[in-house]
Amino acid sequence: MTDANERPAPVEAMDLVVLFRRASRIMDRESHRRDHAHHAQDHVLSVIREHNSINQGELLEILDVRSSSLSEMLRKLEGKGLVVRQRDERDRRSFVVSATEQPRFQHRGHGKSRESADSLFACLDAGERSQFRDMLLKIIASLEEAPQSRESDCSTRPRRGAGKRYGKGGRGRGFPG
């Protein structure tokens, strides 16, 4: 039996890092499994909205995906009334894609997203969720406060993806072009 005044054993920072990364990977996998199609649609829609209207070929280049994948995505967005495709007046062989005025996330079943998030944290009661949020905010604030001190340890390593340019040769596969 433990004494009420006895302190818990200290936890190593590396143990917390390992556990946090493991939880993060599992949550990412679950989120991806449940919401991937919506995330991809949101990304395509945001690029279209950013350009107001865009030639489908240009959109293909920006997104760096297979033509058939983009066509399928646009078909789904068109079916939901979020985009329209019209023949390009300058080049009748191609299409111009435009976003409609329909709200961006109307198609996205936010109730489903909320249920998905709730299920990830169902093991925590309201107080534990509040404590967890506060701890995450504290960690985030600390990390955002002094990014230079962490970068100095890694300054000799090139940044991920630095200097790489991906072209048509590896469309959608991440191969350098």
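Asp 64 lies in the loop between H2 and H3, and its phi is positive, at about 55°, although the residue is not a glycine. A second residue of this kind is Asn 52, a non-glycine whose phi is near 70°. Asn 52 sits in the loop between H1 and strand E1 (53-55). With a relative accessible area of 61%, Asn 52 is exposed; here buried means under 20% relative accessible area, exposed over 50%, and partly exposed in between, with a 1.4 Å probe and protein chains only.

The model is predicted, so that local features need pLDDT of at least 70 and side-chain atom pairs count only at pLDDT 80 or more, whereas totals for chains, interfaces and linings use all residues. Residues are numbered from 1 along each chain as its sequence is written, and side-chain values use heavy atoms, with hydrogens and water left out.

The chain contains six helices and three strands, arranged along the sequence in the pattern α-β-α-α-β-β-α-α-α. These elements are DSSP runs numbered from the N terminus: helices are H or I with at least four residues, and strands are E with at least two. Of the 177 residues in the chain, 18% are buried. The chain exposes about 14000 Å², of which carbon and sulfur atoms supply 53%; accessible areas come from the Shrake-Rupley method with a 1.4 Å probe, and for residues only the protein chains shown count as cover. Contact means heavy atoms within 4.5 Å. Among contacts between residues at least 6 apart in sequence, 49% join residues at least 24 apart.

In soluble globular proteins, nonpolar side chains tend to be buried together. The largest nonpolar core in this model has 16 residues, and the members touching the most others are Val 44, Ile 48, Leu 59, Leu 70 and Leu 74. Such a core is a set of buried Ala, Val, Leu, Ile, Met, Phe, Trp, Tyr and Cys residues joined through side-chain atoms within 4.5 Å. Helix H1 (13-51), helix H2 (56-63) and helix H3 (67-79) are the elements that give two or more residues to this core. H1 provides the largest share, five residues. Leaving aside residues up to four places away in sequence, Val 44 touches Leu 59, Leu 63, Leu 70, Met 73, Leu 74 and Leu 77.

Helix H1 also holds Val 18, a residue that is partly exposed at 47% relative accessible area. Together with Met 14 and Val 17, Val 18 forms a nonpolar patch on the surface with about 250 Å² of accessible area. Patches are made of residues with over 30% relative accessible area and no salt bridge, like charges being joined within 9 Å and nonpolar side chains (Val, Leu, Ile, Met, Phe, Trp, Tyr) within 5 Å.

The whole structure has seven salt bridges, each a side-chain nitrogen of Lys or Arg within 4 Å of a carboxyl oxygen of Asp or Glu. One of them joins Arg 75 and Glu 72, at 2.5 Å from N to O. These two residues are three apart in helix H3, and therefore about one helical turn separates them. Arg 75 is partly exposed at 45% relative accessibility, and Glu 72 is partly exposed at 33%. In another salt bridge, the closest N and O atoms of Glu 78 and Arg 85 are 3.0 Å apart. Glu 78 is partly exposed at 31%, and Arg 85 is partly exposed at 23%. A further bridge links Asp 88 and Arg 90 at 3.6 Å, N to O. Asp 88 is buried at 5% relative accessibility, whereas Arg 90 is exposed at 74%.
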